[in-house]
Amino acid sequence: MSNEGKPTRPQTRYGIDLIAGVVTLAVSIYVMIKSITFWKEDFVDVFYYSAGLMPMMIGVCLFIFSALYIRRTLKEHPLKECLLDIKNFSIEFVKSKNVHKALVGLVIFWIYIYLLLGKIPFWIATFVTLSALLLFINWEKSFKKIAKLLLISAAATFAIILIFQIIFKVPMP
Amino acid sequence: MDALRFIGEAFAIAFTPAGLLALVLSVFTGLIFGMLPGLTSTMAVALLTGLTYNFSGPLAILSLLAIYIGAISGGNQSAILLNIPGTPASAATAMEGYPLALKGKAGLTIFVATGSSFFGTMISIVCVALFTPILTKFALKFMSHEMFLLALFGIVICGNLTSNGDPLKGWISGFIGLLMSQVGMDTIYSYRRFTYGSINLAGGISLLPVMIGLFGFPEVVKAFSGAKKAAMQQNSKYSIKEGLGILRRNWLNILRSGIFGMLMGAIPGVGEDTGGWLSYWSEKKVSKTPELWTHGCIDGVVSAETGNNAAIGGAIIPVLSLAIPGSTSAAVLLAAFWMHGYRPGPLLMQDTPQFLYYVIVFMVLASCLMWFLGMMISKFSVKVLSVDIRILMPIVFICCVIGAFVVSNRIFDIKLMFVFGILGIIMSFLKMPGAPFLLGIILGNMADENLRRALLLTHGDISIFFTRPISIFFIVVITYLIFTQTPVYARIQDKRDAKKAAARAAKAEAKAKARETEKKD
């Protein structure tokens with residue numbers, strides 16, 4: 001009865017909420033310690049004018065919010081339940097096919113950004129990555145489909161170069 | 001008489017073949033820039049400044065204002081169709097626009113959003129013409145500590161609005177954004193904070209990689225699962241009559257949001273993003289159906305789009321009268337004015353009195369054309385979306401990479417986008433909104449600089465925060481909003497609810513008794 005009219009929160013994994021709360025709490029403590037270091041190092045006598053003031057305020061606020069977050073999570077779900085949820089989530093995470101797909105996609109992004117860009121010409125890197133991504137997401141063992149996806153990659157690469165580099169004169173990585 | 005002559009001159013410039021071509025191309029390019037994630041209004045104005053270097057002064061001003069208006073408005077299309085705000089100013093639009101697109105109302109929503117942008121710009125133009133001196137005086141009344149409180153207020157409100165009923169997560173997101181804004185050299189002593197010896201981090205974290213990472217990346221990665229396939233392709237047709245009806249029904253909303261957005265734009269450093277958010281928030285507060293908001297409420301789209309476009313005029317007011325930009329885009333615009341030989345500031349009306357009238361006329365023409373072209377482009381962009389999202393998203397990813405790179409030409413920014421993209425995915429999983437994070441990064445340095453300046457002026461005396469009505473207003477609202485999430489408030493609320501329930505039960509009992517006695521009688 002008392003909850004009538006109150007907005008309901010979106011449902012999330014409470015085990016993960018607990019981890020997020022603890023991580024935020026740890027970050028807030030680190031930020032508070034760091035802000036003292038900034039004050040000591042920036043040669044300003046008073047704290048209110050030092051480079052550490054704002055980080056300290058942010059750290060304190062984050063500490064309060066994360067403490068409230070953890071408290072709320074634990075109040076609604078005891079620690080045992082949270083730990084069990086974390087365990088279940090880990091199993092689901094490892095087994096999920098969607099997660100596998102997303103991870104492979106992220107690996108392709110990583111290779112493009114960290115290994116290809118700036119090392120080989122932009123258009124080659126882009127064509128290779130686009131082809132890899134399109135083939136991976138839309139994989140079908142058909143020559144026609146593969147040829148179509150490769151053509152899309154080539155056309156998209158050409159269009160990107162034309163619009164950005166040639167028309168808008170935007171420098172490419 | 002001079003005013004009429006200047007207005008006539010401005011129309012004559014705009015209706016030359018070169019003027020018309022510049023107007024159409026600039027609005028069109030602006031819309032495309034605003035639409036594509038990662039290409040912002042700031043970038044559009046900056047790029048065009050170089051391209052218009054050889055143009056005559058008025059023609060260049062026409063192009064720059066047209067691209068600025070187009071870009072701010074164009075951001076709504078990707079916000080509605082892809083849930084990726086093309087510009088930070090459209091983040092509030094995505095809140096309502098995307099759910100509406102999922103319901104198959106993408107076309108209608110874009111029509112209403114573009115119409116609202118038009119009306120927002122028109123309201124702000126009227127304000128530029130009529131109220132420039134008054135509003136400039138008001139904006140100048142904000143002291144340093146109030147600017148700090150305004151930034152804090154923006155983040156707290158944004159956290160409240162975007163969290164879908166869980167403000168705590170919104171605030172955590174906002175304060176982590178604030179923390180990110182502290183990376184790099186501080187604005188007063190150039191002391192390096194959280195840089196860990198990296199030269200790239202010394203310049204701070206650029207806004208664009210964060211924006212693209214937070215809003216673009218999760219959407220791209222989601223495409224791998226194929227779960228969202230065809231979600232937005234249904235029934236994008238709309239009736240213009242229905243769209244105009246919605247706009248007519250929302251006339252008060254448009255007026256309120258327009259004035260709100262314009263006021264926010266006029267405050268230096270606040271800009272279109274806060275204009276859009278605060279208009280959205282104020283309208284949600286007065287809405288008769290607040291429960292519909294964040295689930296696809298067209299009124300929200302109207303307020304957000306009116307607010308962010310009205311901020312354009314607002315941002316131009318201090319540029320023209322004081323040479324102080326109201327937003328990042330306005331700062332670039334100010335630089336462009338200087339480049340083309342105009343000197344905005346207190347002496348503007350004395351040195352180049354025609355300039356203000358040129359600006360007004362060019363803005364009116366650009367916003368009219370923006371609505372027309374915006375709707376034409378929307379047909380094309382909806383078609384783009386009808387392409388399989390699993391083919392579109394890898395291409396969007398490449399656009400994101402270019403967008404992250406283009407501002408500073410650093411591969412480091414692309415890497416940064418990747419890192420924030422991962423963070424965006426985690427936040428999306430935790431149902432933690434990205435918008436307060438972004439706003440935290442935008443407002444962080446302003447908050448830091450103003451707080452420290454205020455405390456330096458008062459030698460650390462914080463009583464200044466309680467001496468003026470503006471700051472007291474901000475303090476009360478911020479404290480109340482945070483207090484509502486504490487266990488103490490929950491207990492008070494529970495007690496109040498219990499009392500109400502008891503009173504209701506007692507009333508019901510009394511009524512039942514009265515009925516019984518009536519029956520007995």
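**Exercise 1. Describe how chain B is built: which secondary structure does chain B hold, and what share of its residues is buried?**

Step 1. The secondary structure of chain B consists of 23 helices and 2 strands, where helices (H or I, at least four residues) and strands (E, at least two) are DSSP runs numbered from the N terminus. This is a predicted model, in which local features need pLDDT of at least 70 and side-chain atom pairs count only at pLDDT 80 or more, while totals for chains, interfaces and linings use all residues. Residues are numbered from 1 along each chain as its sequence is written, and chains are lettered from A and ligands numbered from 1 in the order in which they are written.

Step 2. Of the 521 residues in chain B, 59% are buried; a residue is buried if 20 or more other C-beta atoms, placed from the backbone, lie within 10 Å of its own, exposed if 12 or fewer, and partly exposed in between.

Step 3. Among contacts in chain B between residues at least 6 apart in sequence, 77% join residues at least 24 apart, a contact being a pair whose C-beta atoms, placed from the backbone, lie within 7 Å.

**Exercise 2. Decide how far chain B can be read: what is its mean pLDDT, and which stretch is below 50?**

Step 1. The pLDDT, which is the predictor's confidence in each residue from 0 to 100, has a mean of 80 in chain B, and 86% of the residues of that chain reach 70 or more.

Step 2. Over residues 227–235 of chain B the pLDDT is below 50, although this stretch has 17 contacts in the model beyond near neighbours in sequence. Where pLDDT is low, the predicted coordinates should not be read in detail.

Step 3. For the model, the scores are ipTM 0.90 and pTM 0.71.

**Exercise 3. Find the largest nonpolar core: how many residues does it have, and which element gives the most to it?**

Step 1. The largest nonpolar core has 193 residues, and those with the most contacts inside it are B:L65, B:V359, B:F362 and B:A366; such a core is a set of buried Ala, Val, Leu, Ile, Met, Phe, Trp, Tyr and Cys residues joined through C-beta atoms within 7 Å.

Step 2. With 16 residues, α4(B) gives the most to this core.

Step 3. Apart from its neighbours within four places in sequence, B:L65 is in contact with B:V359, B:F362, B:M363 and B:A366.

**Exercise 4. Examine the contact between the chains: how many residues does each chain give?**

Step 1. Chain A gives 53 residues to the contact and chain B gives 49 residues.

Step 2. On the side of chain A that touches chain B, the largest share, 10 residues, comes from α2(A).

**Exercise 5. Follow α6(A): what length does it reach, and which of its residues are buried?**

Step 1. The 25 residues of α6(A) reach 34 Å from the first C-alpha to the last, close to the 36 Å expected at 1.5 Å a residue, the expected span being 1.5 Å times one less than the number of residues.

Step 2. In α6(A), the residues A:L149, A:S153, A:A156, A:T157, A:I160 and A:F164 are buried.

Step 3. Just after α6(A), A:K169 takes a positive phi of about 55°.

How values were computed:
Two residues are in contact if their C-beta atoms, placed from the backbone, lie within 7 Å.
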